[in-house]
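Here's a quick tour of one protein model. Have a look at it first, then go through the points below.

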Amino acid sequence: MSIKYEIHGIKNAKGEGKEQKYVHLFAHEPQSDHALEDDIQANCSLTKADVRAAFSALRDHMVRALASGSRFHLPGVGYFSLSVGLDAPDDKMRADYIRLRNIRFRPERSLLSEVGSGVSFERAAFSSRSRQYTEEQLLSLLRHYFATHTCLTRRDLQRVAGLRESAAKKWLQHLTATGVLQKDGANNAPVYMWRG
């Protein structure tokens with residue numbers, strides 16, 4: 001099955017006036033624990049209980065290894081190691097200012113090679129990004145909407161305008177501040193009326 005993707009761009013990403021392109025992959029939901037246990041049980045002599053016990057022991061060993069400062073190697077998969085940062089004023093350097101940021105993963109070459117030989121990509125027919133509007137274009141869309149509706153919610157704006165949640169919130173905040181819309185209702189469930 002092909003992995004869906006789309007191409008995005010960041011304008012002036014490196015300060016050189018050029019747009020930098022990058023690929024956004026649409027990841028599928030991960031397999032559930034129970035489905036993974038079923039799959040493993042179907043492909044070897046381990047029972048689901050054995051698989052759960054092995055995962056638990058593996059996790060415990062990984063925690064001990066990483067907490068002691070060792071890298072953790074999962075054979076055939078790769079290496080896990082700590083990523084830390086320093087949260088300290090410039091003039092102070094003490095161990096209690098060091099914080100765990102993340103756990104890094106470096107796959108083995110054989111894993112990368114095997115995944116690479118089986119992966120394929122297909123451009124998505126849909127986009128994860130908000131549609132781009134000028135203020136006049138959005139106002140025109142809202143005039144049309146309010147011709148048949150008395151109020152608007154954030155979700156309505158997302159659906160009608162093809163916006164993501166954050167973009168819809170920004171537009172509603174802007175249009176309320178400029179007096180085009182009037183906010184009413186509870187703070188956790190506001191509705192907007194046309195004042196245009």
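Predicted model: local features only at pLDDT ≥ 70, side-chain atom pairs only at ≥ 80, totals over all residues.

A residue is called buried under 20% relative accessible area, exposed over 50%, and partly exposed in between (1.4 Å probe, protein chains only). Residues are numbered from 1 along each chain as its sequence is written, and side-chain values use heavy atoms, leaving out hydrogens and water.

**Overall layout**

- The protein has 6 helices and 8 strands; helices (H or I, at least four residues) and strands (E, at least two) are DSSP runs, numbered from the N terminus.
- Its radius of gyration (taken over C-alpha atoms) is 25 Å, well over the 16 Å that the globule rule (2.2 Å times the number of residues to the power 0.38) gives for 196 residues, so the protein is more spread out than a compact globule.
- Along its principal axes, the C-alpha trace spans about 65 × 55 × 40 Å.
- Of the 196 residues, 21% count as buried.

**Nonpolar cores**

- A nonpolar core is a set of buried Ala, Val, Leu, Ile, Met, Phe, Trp, Tyr and Cys residues joined through side-chain atoms within 4.5 Å.
- The largest one has 18 residues, and Leu138, Leu152, Leu157, Leu163, Leu175 and Leu181 touch the most other members.
- Helices α4 (135-146), α5 (154-161) and α6 (165-177) are the elements that each give two or more residues to this core.
- Apart from it lies another core of 5 residues, including Met62 and Phe72.

**Salt bridges and disulfides**

- The whole structure holds 8 salt bridges, each being a side-chain nitrogen of Lys or Arg within 4 Å of a carboxyl oxygen of Asp or Glu.
- Glu122 pairs with Lys4, with their closest N and O atoms 3.0 Å apart.
- Glu122 sits in strand β6 and Lys4 in strand β1, so this pair ties together parts that are 118 residues apart in sequence.
- Asp156 and Arg159 meet in another salt bridge (3.4 Å, N to O), and they are 3 residues apart in helix α5, about one helical turn.
- Asp156 is buried at 18% relative accessibility, whereas Arg159 is exposed at 59%.
- As for disulfides (pairs of cysteine sulfur atoms within 2.5 Å), the structure holds 0.
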